[in-house]
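Please keep the sequence and the three-dimensional view at hand while reading.

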Amino acid sequence: CFLQVNEESNQNLNKEYGELVSYLNGLEDKRHKKRLIDSQRLWIKFRDSDCKFYSDGQPIRTNICLSEKTIQRLKELEKYNTSFAMGCNGCPW
């Protein structure tokens, strides 16, 4: 069950991330896109490392942790995407 949740949340995360990267590609200042890419790479390292610690090698705990953290990150990216769709009032860029 959590394996499927993890897969679906990763698909949704990749979709939101792709939309945000596409939006940032259109901005003149490319530093925002680089910051997003850098932060996403660091977030993935943190997520994986934190879940490895949390799970202690137990696959079910790994999938639960990965699912929860991915859904949290998805909500953050959705918030960014919603902000730019509404005129970017309060966007971090």
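Which residues are buried in helix 1? They are Asn6, Ser9, Leu13, Glu16, Tyr17, Leu20, Val21 and Leu24. Here, buried means under 20% relative accessible area, exposed means over 50%, and partly exposed lies in between (1.4 Å probe, protein chains only).

## Basis of the report

The structure is a predicted model, in which local features need pLDDT of at least 70 and side-chain atom pairs count only at pLDDT 80 or more, while totals for chains, interfaces and linings use all residues. Residues are numbered from 1 along each chain as its sequence is written, and side-chain values use heavy atoms, with hydrogens and water left out.

The term pLDDT denotes the predictor's confidence in each residue, on a scale from 0 to 100. The chain has an average pLDDT of 89, and 89% of the residues score at least 70. Confidence is highest in helix 2, with a mean of 95, and lowest in helix 3, with a mean of 90. Where pLDDT is low, the predicted coordinates should not be read in detail.

## Overall architecture

The chain contains three helices and zero strands, and its elements run α-α-α from the N terminus on. Helices (H or I, at least four residues) and strands (E, at least two) are DSSP runs, numbered from the N terminus. Of the 93 residues in the chain, 32% are buried.

The accessible surface of the chain is about 6,300 Å², and carbon and sulfur atoms account for 54% of that surface. Such areas come from the Shrake-Rupley method with a 1.4 Å probe; for residues, only the protein chains shown count as cover. Among contacts (heavy atoms within 4.5 Å) with a separation of 6 or more, 62% are between residues 24 or more positions apart.

## Helix lengths

The expected span of a helix is 1.5 Å times one less than its number of residues. Helix 2 has 25 residues and reaches 36 Å from its first C-alpha to its last, close to the expected 36 Å.

The buried residues of helix 2 are His32, Leu36, Ile37, Gln40, Trp43, Arg47, Cys51 and Ser55. An α-helix has 3.6 residues a turn, so residues three or four places apart point the same way.

## The nonpolar core

A nonpolar core is a set of buried Ala, Val, Leu, Ile, Met, Phe, Trp, Tyr and Cys residues joined through side-chain atoms within 4.5 Å. The largest one has ten residues: Leu13, Tyr17, Leu20, Val21, Leu24, Leu36, Ile37, Trp43, Leu74 and Leu77. Each of helix 1, helix 2 and helix 3 supplies at least two residues of this core, and the largest share, five residues, comes from helix 1. In soluble globular proteins, nonpolar side chains tend to be buried together.

Leucine 13 belongs to this core. Not counting residues up to four places away in sequence, leucine 13 touches Gln40, Trp43, Thr70, Arg73, Leu74 and Leu77.

Asparagine 6 lies in helix 1 (residues 2–25) and is buried, with a relative accessible area of 8%. Apart from neighbours within four places in sequence, asparagine 6 is in contact with Asn63, Leu66, Ser67 and Thr70. The C-alpha atoms of asparagine 6 and isoleucine 71 are separated by 8.5 Å, although the two are 65 residues apart along the chain.

Asparagine 81 is in helix 3 and is likewise buried, at a relative accessible area of 7%. Asparagine 81 touches Glu16, Glu19 and Leu20, not counting residues up to four places away in sequence. The C-alpha atoms of asparagine 81 and tyrosine 17, which are 64 residues apart along the chain, are separated by 8.8 Å.

## The disulfide

A disulfide is a covalent bond between the sulfur atoms of two cysteines; the criterion used here is a pair of cysteine sulfur atoms within 2.5 Å. A search of the whole structure finds one disulfide, joining cysteine 51 to cysteine 65 with an S to S distance of 2.1 Å. The pair links cysteine 51 in helix 2 (residues 31–55) with cysteine 65 in helix 3 (residues 59–85), 14 residues apart. The torsion about the S-S bond of cysteine 51 and cysteine 65 is about -80°, so the disulfide is left-handed.

Most residues other than glycine have a negative phi. Aspartate 56, however, has a positive phi of about 55° although it is not a glycine. Aspartate 56 lies in the loop between helix 2 and helix 3 and is exposed, with a relative accessible area of 62%.
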